[in-house]
Amino acid sequence: MDHIYLDYNATAPIRPEVLALVTTIMGEVGNASSVHRFGASARAHVETARRQVAALCDVPADQVIFTSGATESINTVLCGYRDKPVLISAIEHPAVIAAAPHAKEIKVTSDGLVDMDDYKRLLREEKPALVSIMMVNSETGVIQPVADLAALAHEAGALFHTDAVQAAGRLDIRLDNLKTDFMSLSAHKMAGPQGVGAVIWREGLELPKFMLGGGQEKNCRAGTHNTAGIAGMGLAAELAVQNMPNYTNITKLRDDMEAQIRALTNNIIIYGGQAPRVGNTCNIGLSGVPAQTQMMALDLDGIAVSSGSACSSGSFKPSHVLTAMGADETAAKSALRISMGWATTSAEIDAFISSYKKIIQKAK
Ligand code: PLP
């Protein structure tokens, strides 16, 4: 078997239909802001994509603007709240943490869910203007009850932003159902191209301005459109909606895999295993075996997964998500994330289990 890719939460393989479209449009000339026919053709690609992304979130097309990725989308929303009180959860993506350094952090439970008592206390005490809580955690797959969290924020007079990057194509992300005011998305986590994202916001609200310059995107986001990437995001969004029913197959693969691993050893912990999770993600700690050792062993068998710890300047720090959930440093450094997606097969999961079995046996 070829190399096995089980790191969809880092980036998903692009769908062939999306690749074909992006490649074709890359070969076309035209700036979407130009008035001549070449510009009009590029603009048509952008507007088609806008309708496709709007359909994913069930909003009018003019409530979508395109960005260079979710990191920029998140910065766009949060830059409007630099001088105002903000709440974020303790397990947000670094983009949220860095874009709101003044924010107060809401604790999470050992299951990785927002601690409701702490949230209500902070809403009372801090009187935030904005709350930003991710819909699905990238490391554990744990799903937050976003509609309930947003309703509480509104009762307290705050607006609500959700980073829905890991939810798109896996869960219903219609803006009204989630009761959220702002939402950030990324194309490459839903089998679209890298380097493109979107911000979605509720009609009647003003979107903060982050990228300043030309008047693109109705003056909301300056910079020449990444036409090919945007078109790819649009098609990826459409395919994500069409393929949502297949997600149950992925959930079954993940659940079967976890059951088989549990049958092999008691020496594991599945982070967020007791909470609602998206079906493609498994974060598994194997006590006493550093994630780097596990990853190297899997890599030798041609299997790519990721660790719960982020490498920064050559040293591996424990994941802030797992430590916020109460894992100690050593435990957090022993966690692997296996994330699956549209092209994952049961044969690949079988190969992962055989390889992981060897690691368990060595640990014994
Ligand atoms: N938010 C979450 C939950 C993510 O997983 C990621 C990607 O790692 C991002 C935000 C950033 O997205 P992008 O790569 O489009 O900037």
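1. Helix α9 (residues 247–264) and helix α13 (residues 346–363) pack at an angle of about 20°, their axes 11 Å apart. Helices here are DSSP runs of H or I with at least four residues, numbered from the N terminus. Axes are lines fitted to C-alpha atoms over the stretch in contact, and angles run from 0 to 180 degrees between N-to-C directions. So α9 and α13 are roughly parallel (an angle under 35 degrees).

2. Before going on: this is a predicted model, where local features need pLDDT of at least 70, side-chain atom pairs count only at pLDDT 80 or more, and totals for chains, interfaces and linings use all residues. Residues are numbered from 1 along each chain as its sequence is written, and side-chain values use heavy atoms, with hydrogens and water left out.

3. Who touches whom between α9 and α13? From α9 come L253, M257, Q260, I261 and L264, and from α13 come S346, I349, F352, I353, Y356, K357 and I360 (contact means heavy atoms within 4.5 Å). By class that contact has nine nonpolar, two polar and one charged residues; Ala, Val, Leu, Ile, Met, Phe, Trp, Tyr, Cys and Pro count as nonpolar, Asp, Glu, Lys and Arg as charged, and the others, Gly among them, as polar.

4. α9 turns up again at the second largest pocket, giving the most to its lining with four residues. The volume of this pocket is about 320 Å³, taken as the space filled by probe spheres set on grid points joined across faces, edges and corners. A pocket is an open set of points on a 1 Å grid over the protein atoms alone, where a 1.4 Å probe fits, with protein on both sides within 12 Å along at least five of seven lines; lining residues have an atom within 4 Å of a point. Of the 23 lining residues, R15, Y247, I250, G341 and W342 are the closest to the centre. The lining divides into 12 nonpolar, eight polar and three charged residues.

5. α8 (227–243) also supplies at least two residues of that lining. Its axis and that of helix α1 (residues 16–26) come within 8 Å and cross at roughly 160°, which means α1 is roughly antiparallel to α8 (over 145 degrees). On the α1 side, E17, V18, L21, V22, I25 and M26 meet T227, A228, A231, G232, L235, A236 and L239 of α8. The class count for this contact is 10 nonpolar, two polar and one charged.

Conventions:
Angles under 35 degrees count as roughly parallel, over 145 as roughly antiparallel, 65 to 115 as roughly perpendicular and the rest as oblique.
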